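Visitor: I have a new model on my screen and would like to learn how to read it. Could you walk me through it step by step?
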Amino acid sequence: MPTTRQDGVSGDDQFRLDDQYRLEVPTNTGVDETEKAGQTAPKAEIGPTGRPYRAVPVPTPLERHGPATVIAVCNQKGGVGKTTSTINLGAALAEYGRRVLLVDLDPQGALSAGLGVPHHELDETVYNLLVPPHAATDDVLMRTRVDGLDLLPSNIDLSAAEIQLVTEVGREQALGRALHPVLDRYDVVLIDCQPSLGLLTVNALACSDTVLIPMECEYFSLRGLALLNDTIEKVHDRLNPRLDVGGILVTMFDARTLHSREVMARVVEVFGEKVYDTVVSRTVRFPETSVAGEPITSWAPKSAGAEAYRALAREVIARNVKQA
Ligand SMILES: Nc1ncnc2c1ncn2[C@@H]1O[C@H](COP(=O)(O)OP(=O)(O)OP(=O)(O)O)[C@@H](O)[C@H]1O
Ligand SMILES: [Mg+2]
């Protein structure tokens, strides 16, 4: 049965999606449609989501830090911008004076590499926090070149953790136990998940307050979200009652293509308020930053990409962080 606009995809049911997604050009496609119509509509107020931007306060400086809000950056689909978003949202939050800890929970170590850390050479990584004999979290913690931004790095060793954890008691809480001693020092912890819904990702969800779902603005990206939501619901019901979906971040948006605009419209139609007003456009600047090993906020501070992640940081502080 194809989904229809009336299919009850609002409120609590918004993630219960059929497998088929119908794309429609909405009446409020956004900036470009407004331009086409030659209207003097409030261009500055309508965002790429096709909705007016919601008011977001500028974050105020903090006098003290912690306890941290833990955010899992999660989507089992590969290459949707999880790592890019973790690095750049983290750096933007740090610019706003937040103390941020990034956790690399992907054996590929792309988060660590993206911050210029020679992760292959490290003796102690997140792996050593998860499996016995447990290392001390402080011994694995690293400063990054960005002020206020710390890292728990990973490398390929982590791929063994999933197998070794299976026989552990409380295997889903291993990451939570490792993070617990340092939560009071940080305002935000961002966990970069690997593209799977395996035990490592369940560990991330089990110790998180909220989930940030990056989603490539592409037709097939919608399909995996129902499965992801099932996993989030299971973890919520069985392991972590405080877990919720903090928001959906549309990445790699290209306002020039009808396809991007159609997918965006469908995402907003299905997920409503959960979609962040901030949308990250497709730009070659992001692959460049991976090579440079630093966030876009310092590599190209005035670029649209840097501004997008600053805007996302403001939204996340207002919407998702405990002590805004
Ligand atoms: N807004 C963007 N515009 C263009 N390229 C982007 C954008 N965001 C990310 N990329 C690039 O897309 C690729 C995948 O991004 P990223 O590694 O962040 O995704 P991921 O979801 O973490 O992937 P994986 O599932 O493999 O961990 C990278 O080469 C990255 O530089
Ligand atoms: Mg990644």
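Visitor: In which sense do β7 and strand β8 pair, and over how many bridges?

Guide: Strands of a sheet pair through backbone hydrogen bonds, either parallel or antiparallel. Here β7 and β8 (residues 275-281) pair in the parallel sense over three bridges. Two strands count as paired if DSSP finds at least two bridges between them. The chain gets from β7 to β8 through helix α10 (residues 258-271), a right-handed β-α-β crossover. Right-handed means that, with the strands pointing away from the viewer, the path from the first strand over the helix to the second runs clockwise.

Visitor: Before we go on, where do these numbers and names come from?

Guide: This is a predicted model: local features need pLDDT of at least 70, side-chain atom pairs count only at pLDDT 80 or more, and totals for chains, interfaces and linings use all residues. Residues are numbered from 1 along each chain as its sequence is written, while chains are lettered from A and ligands numbered from 1 in the order in which they are written. Helices (H or I, at least four residues) and strands (E, at least two) are DSSP runs, numbered from the N terminus. The protein chain has 13 helices and eight strands.

Visitor: In what order do the eight strands lie in the sheet?

Guide: They form an open sheet, ordered β3-β4-β2-β5-β1-β6-β7-β8, with mixed pairing. At the edges are β3 (142-143) and β8, each of which pairs on one side only.

Visitor: Which strand does β6 join through seven bridges?

Guide: That is β7; the two run parallel, with β6 covering residues 210-216. Met215 has Val250 as its bridge partner, and Leu212 stands opposite Gly247. Helix α9 (residues 225-238) carries the chain from β6 to β7, and this β-α-β crossover is right-handed too. β6 is also joined to β1 (residues 69-73), by three bridges in a parallel arrangement; there Ile71 is partnered with Thr210.

Visitor: Why is β6 described as largely enclosed by the rest of the structure?

Guide: We count neighbours: a residue is buried if 20 or more other C-beta atoms lie within 10 Å of its own, exposed if 12 or fewer, and partly exposed in between, with C-beta atoms placed from the backbone. Seven of the seven residues of β6 are buried, so the strand is largely enclosed. Both faces are covered, with Thr210, Leu212, Pro214 and Glu216 on one side and Val211, Ile213 and Met215 on the other. In β7, nine of the ten residues are buried. Asp244 lies in β7 and counts as partly exposed because it has 15 C-beta neighbours inside 10 Å. Across the protein chain, buried residues make up 47% of the 324 residues.

Visitor: Which residues come nearest to ligand 1?

Guide: Look for Gly78, Lys82, Thr83, Thr84 and Pro195, out of 18 residues around ligand 1. A residue is near a molecule if its C-beta atom, placed from the backbone, lies within 6 Å of it. By class, the shell has seven nonpolar, eight polar and three charged residues. Ala, Val, Leu, Ile, Met, Phe, Trp, Tyr, Cys and Pro count as nonpolar, Asp, Glu, Lys and Arg as charged, and the others, Gly among them, as polar. α2 (82-95), β7 (244-253) and α11 (285-292) each supply at least two residues of this shell.
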